[in-house]
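Let us take a friendly walk through a protein model together. Have the sequence and the 3D view open as you read.

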Amino acid sequence: MTDSAPEAVNPVVPRPQTPHRDLLQLEVLPDEAQLRADIERLRKERNAVIIAHNYQRPEVQEIADFVGDSLGLSRQAAKTDADVIVFAGVHFMAETAAILNPEKTVLLPDLRAGCSLADTVTAQGIRDWKAQNPGGLVVTYVNTTADVKAESDYCVTSGNAVQVVQSLPEGVPVLFAPDRFLAAHVIRETGRAMDVWDGACHVHEAIRPEDVQGQQAAYPDAELLIHPECGCSSRILGAIPELQLYSTEGMIHRAKASPAQAFIVVTETGMVTRLEHDVPDKTFIPVSRTACCEYMKMITLENIRDALVNLEPRVTVPADIRALALKPIERMLAIG
Ligand code: SF4
């Protein structure tokens, strides 16, 4: 035995100098009230308008000057006197706004916000299709890129596709792109034979008849509001031929007019937010919580604020493409 002091068992470990938050690479969550106040101030300073699609996040729909479908948003973009348009939607929508407003600054707060349906067709694909069908009229859904629109005779939305096809001269081949489910709806409603592009949106295509039937069993008194882009629509119509399909704006009119108190909303989940806002005394049930467009949800209060600060990211369309794409868009706005 010795008198010496006992050896320290654990050597003293120096404390890390880096703050814990940085070690974990966490970001401070933005204060939502502050974000809203910043957006409010910047919107005035920039003379900006914020337009949001029905499928946007609830908080984005809340701060928007206008919320609507593709046709409604195109109309707002065409008539705004703002200097800056912040497009809370996806890339092809911002392009349409830029085509209608070449002198304005059009911002898309996250350039990754694309569209799986628009990605199914290219301008070269349409050129080849036209070469195989000489004299055909090309009708494209608004969910297409500017260079595809530049190859088109007419643009349509789900709100006016039937009216546009009804207005076409008889005896002319019609080439309809890119959504095959919307095309099936138009053929049913108009009786017009059309050549159809084999495209679909991954969100709407994934909605199955079983999803609809499951919600009908859970909410037997609820009325169905089905969008014509949905993969389930043809099979449901096979079972219930008298069923109506509705564009997103059509859903709002129907929910107001119907005696039903509850509705199963068969489209992207964001539409439930819009319906709850516009028809607050009724109940809206999403067909499936997974019917959610990740592209639409890329737009946030934070990136809207940043876009207004930086006036970036901008969406522009080359002048030659714009000149060609304007005509089918103007035809779309004139009909329906
Ligand atoms: S819901 Fe479908 S069609 Fe609409 S933006 Fe998303 S991917 Fe495109």
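## Starting at a cysteine

Setting aside residues within four places in sequence, Cys 201 is in contact with Ser 116, Leu 117, Asp 179 and Glu 229; two residues are in contact if their C-beta atoms, placed from the backbone, lie within 7 Å. To find Cys 201, look in the loop between strand 8 (195-196) and helix 10 (202-205). Helices (H or I, at least four residues) and strands (E, at least two) are DSSP runs, numbered from the N terminus.

Is Cys 201 buried or exposed? Cys 201 is buried because 27 other C-beta atoms lie within 10 Å. The rule is that 20 or more other C-beta atoms within 10 Å of a residue's own make it buried, 12 or fewer make it exposed, and anything in between is partly exposed, with C-beta atoms placed from the backbone.

## How to read the model

This is a predicted model, in which local features need pLDDT of at least 70 and side-chain atom pairs count only at pLDDT 80 or more, while totals for chains, interfaces and linings use all residues. Residues are numbered from 1 along each chain as its sequence is written.

## Three annotated cysteines

An unreviewed UniProt entry places the feature "binding site" at Cys 115, Cys 201 and Cys 293. UniProt positions follow the numbering used here, feature names are shortened, and annotations may be inferred rather than shown by experiment.

Cys 293 sits in the loop between strand 11 (283-286) and helix 15. With 22 other C-beta atoms within 10 Å, Cys 293 is buried. Beyond four places in sequence, Cys 293 touches Tyr 55, Val 203 and Glu 268.

## More annotated positions

The "binding site" annotation of the unreviewed UniProt entry also covers a list of residues including His 53, Ser 70, His 227, Glu 229 and Thr 248. Ser 70 belongs to helix 4 (residues 70-79). Ser 70 counts as buried because it has 26 C-beta neighbours inside 10 Å. Apart from residues up to four places away in sequence, Ser 70 touches Met 93, Val 142 and Thr 157.

Thr 248 is part of helix 13 (residues 248-257). Why does Thr 248 count as buried? The reason is its 27 C-beta neighbours inside 10 Å. Leaving out neighbours within four places, Thr 248 is in contact with Asn 54, Asp 69, His 227, Thr 267 and Met 271.

## The whole chain

Now zoom out. The chain has 16 helices and 11 strands, and its C-alpha atoms fill a box of roughly 110 × 55 × 40 Å along the principal axes. Of the 336 residues in the chain, 43% are buried.

The domain assignment gives domain 1 (32-113 + 297-317), domain 2 (118-200 + 322-334) and domain 3 (203-292); such bounds come from an automatic or database domain assignment. Taken over C-alpha atoms, the centres of domain 1 and domain 3 are 27 Å apart. Their contact takes 10 residues from domain 1 and 9 residues from domain 3.

Helix 2 (residues 32-45) and helix 15 (residues 301-310) have axes that come within 9 Å and cross at roughly 35°. Axes are lines fitted to C-alpha atoms, for helices over the stretch in contact, and angles run from 0 to 180 degrees between N-to-C directions. Among the residues making this contact are Leu 35 and Ile 39 of helix 2 and Ile 304 and Leu 308 of helix 15.
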